[in-house]
Every structure is written in structure tokens, then in C-alpha cells.
Amino acid sequence: MDILEVKALNKVYTGKVATHALTDIHLTIRKGEFVGIMGPSGSGKTTLLNMVSTIDRPSSGEVRIGGHNPYNMKKRELAHFRRKQLGFVFQDFNLLDTLTVAENIVLPLTLDRRPLKEVDGLLKQTASKLGIGDILNKRIYEISGGQRQRTAIARAIIGSPLLLLADEPTGALDSQSSRAVMESLAEINEKDGATLMLVTHDPVAASYCNRIVFIKDGKLAAEIHRGENRQAFFQKIIDMLSFWGGNTSELSSIRV
Ligand SMILES: Nc1ncnc2c1ncn2[C@@H]1O[C@H](COP(=O)(O)OP(=O)(O)OP(=O)(O)O)[C@@H](O)[C@H]1O
Ligand SMILES: [Mg+2]
């Protein structure tokens with residue numbers, strides 16, 4: 001089953017100078033896939049993610065999520081659809097600092113007025129999946145960056161969305177916390193069959209995906225698939241980045 005279908009998508013930002021940010025993008029993501037989006041700065045990655053997450057409207061073309069076109073929905077219907085069917089993870093976590101980890105995680109369920117018992121069960125289950133079961137009562141300002149991102153992931157998946165969207169989820173983390181976060185995402189993908197779309201500059205983070213789509217100047221440039229071996233996939237990603245552009249000069253010292 002296709003979770004995401006993007007067809008002939010174009011985005012032009014109008015202004016003093018018009019920017020053609022995306023040109024004729026076609027992208028299908030099937031249930032249970034873990035897809036990475038890579039490309040040089042300014043190539044259109046965030047724009048693509050914003051079109052999929054319904055933050056911004058395409059200039060032309062079609063986006064379908066679980067068979068539905070979110071751009072045909074009325075405002076309230078769209079708000080409900082986003083809350084139910086999409087999970088979001090951001091570089092800067094977007095958590096509420098003065099609330100506890102538990103309060104942050106259950107926030108989307110609280111908004112839906114779900115029964116407390118059910119919420120509590122889901123909270124325990126989700127937190128243990130992400131290895132944050134023992135810090136549920138801490139406040140966000142008391143925990144590390146990696147723990148914050150795992151809290152944000154827990155909040156994003158507690159409602160079992162159709163599609164989990166992440167823009168540079170490891171961008172603010174050191175390499176060790178990045179790995180822990182990527183391992184959590186890979187586990188959610190493998191064990192729960194969650195479908196993920198991840199934008200990243202980081203080839204180590206990208207090596208946890210099943211498939212990487214490269215964008216250059218707003219156009220699809222290439223696509224590679226992971227085999228059994230993450231190490232080999234990492235090398236393939238580095239080769240692609242040096243060919244299509246990326247910040248490979250910083251990469252020579254990275255270990256997988
Ligand atoms: N709101 C906007 N208004 C006008 N132009 C924009 C807007 N957002 C992005 N752009 C332009 O669209 C193009 C694609 O930008 P986008 O943010 O999608 O790139 P990106 O691949 O996410 O880059 P980065 O890796 O730096 O995050 C760029 O030329 C950018 O300047
Ligand atoms: Mg971006």
C-alpha cells in the first residue's frame with residue numbers, strides 16, 4: 001500500500017525574485033519504508049517536506065497521504081487529519097520546556113480527549129520503546145538533547161500516525177546521541193512497521209534508511225537502496241554526496 005504519493009509537484013516561491021524550489025517531483029513511499037531525502041543546501045528538501053506535511057501549498061501537482069488529498073480538505077478537517085495521520089520531529093525538538101517528559105508525550109492524545117487508562121498504557125509502551133521510561137517525571141530542561149529528541153519521537157508516534165516526518169532530527173545532537181536517535185527510528189520502522197520520511201545532511205543518520213532520494217536544484221537527481229550492510233550503504237551515500245554535492249569535506253573523519 002502506498003502511504004505517500006507525490007505527483008508532478010512544483011513549488012514556486014513568489015516574491016521580488018521568483019524561486020522555482022521544486023520541479024516536477026514524483027515520489028512514492030510504501031507502507032513500512034524508511035526514506036531519506038538528501039541534497040545540497042537550498043536544493044528543496046525542506047520545501048518538499050513542507051508540501052507533504054501540509055505546512056505549505058504546492059504551486060501545482062498532487063500530494064496524497066493514505067489515499068487522501070489534504071489540500072482538498074477544509075481547515076478543521078485538515079487540522080484533524082494532520083493530528084491523526086502525521087507525526088512530526090524537528091531539529092530543535094519543539095517540546096514544552098516546563099512540562100514533564102510524560103506530559104509532552106501524551107499531549108496529542110490529551111487534545112483528542114482519549115480515556116486516561118488508555119493514554120497511560122500507550123505512554124508506558126511508547127516510552128519504553130524509546131528507552132525513556134525512567135525519566136517520565138523529569139522536566140524537559142532537566143534532560144539531555146538525545147533524551148529530548150527521543151521524547152519528541154515518542155510524542156510523534158504515540159498516536160500511531162500513517163507517516164512520520166523528520167527534518168534534520170539529529171542536527172542538534174552529538175554523534176553518540178544521533179546514533180541513539182537513529183537506532184530508535186530504525187527500530188520503530190522495523191518492529192512496528194512505521195513509515196518514515198527523513199530529511200538529513202548527515203550520512204551516518206542517512207545510513208539507517210532503506211532508501212535515499214537525492215534532490216538537486218529542486219529536481220530528483222538519484223535514488224539508492226540499502227542492502228544488508230549499513231557500512232556499505234554509508235560508503236555509497238558518501239560517494240553520491242561527493243558526486244551530487246554535499247559537505248563531504250567534513251566527512252573524512254567520520255566513523256560509521
Ligand atoms: N519561504 C520561502 N520564500 C522564498 N523562498 C524560499 C522559501 N523557503 C525556501 N526558499 C527557497 O527555496 C529553495 C529551497 O529551499 P529549502 O529550504 O527547501 O532548501 P533545503 O534543501 O531544505 O536547504 P537546507 O539544506 O539548507 O535546509 C532555496 O532557494 C530557498 O532560498
Ligand atoms: Mg532544509
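Residues are numbered from 1 along each chain as its sequence is written, while chains are lettered from A and ligands numbered from 1 in the order in which they are written. Because the model is predicted, local features need pLDDT of at least 70 and side-chain atom pairs count only at pLDDT 80 or more, whereas totals for chains, interfaces and linings use all residues, and side-chain values use heavy atoms, with hydrogens and water left out.

**Exercise 1.** Describe the shell of residues around ligand 1.

*Solution.* Begin with the residues that surround the ligand (one heavy atom within 4 Å of it): they are Tyr13, Thr19, Ala21, Pro40, Ser41, Gly42, Ser43, Gly44, Lys45, Thr46, Thr47 and His201. Next, sort them by class, which gives 3 nonpolar, 8 polar and 1 charged residues, with Gly counted as polar and Tyr as nonpolar. Finally, assign them to helices (DSSP runs of H or I, at least four residues) and strands (E, at least two): strand E2 (19–30) and helix H1 (45–52) each supply at least two shell residues, and H1 gives the most, with 3.

**Exercise 2.** Find polar contacts of ligand 1 with Ser41, Ser43 and Lys45, taking N or O pairs within 3.5 Å.

*Solution.* Start with the side chain of Ser41, where an N or O atom is 2.5 Å from an oxygen atom of the ligand. A polar side-chain atom of Lys45 lies 2.7 Å from a ligand oxygen, and at Ser43 a backbone N or O atom lies 3.2 Å from an oxygen of ligand 1.

**Exercise 3.** Classify how H3 is oriented to H4 and to H5, and H5 to H6.

*Solution.* Take the axes as lines fitted to C-alpha atoms over the stretch in contact, with angles from 0 to 180 degrees between N-to-C directions. The axes of H3 (residues 101–111) and H4 (residues 116–129) come within 10 Å and cross at roughly 125°, and the two helices are therefore oblique. The axes of H3 and H5 come within 7 Å and cross at roughly 30°, which makes H3 roughly parallel to H5 (under 35 degrees). For H5 (residues 145–157) and H6 (residues 175–192), the axes come within 9 Å and cross at roughly 20°, so this pair is also roughly parallel.

How values were computed: Polar contact = N/O pair within 3.5 Å; in protein donor to acceptor, adjacent residues only side chain to side chain. Parallel < 35°, antiparallel > 145°, perpendicular 65-115°, else oblique.
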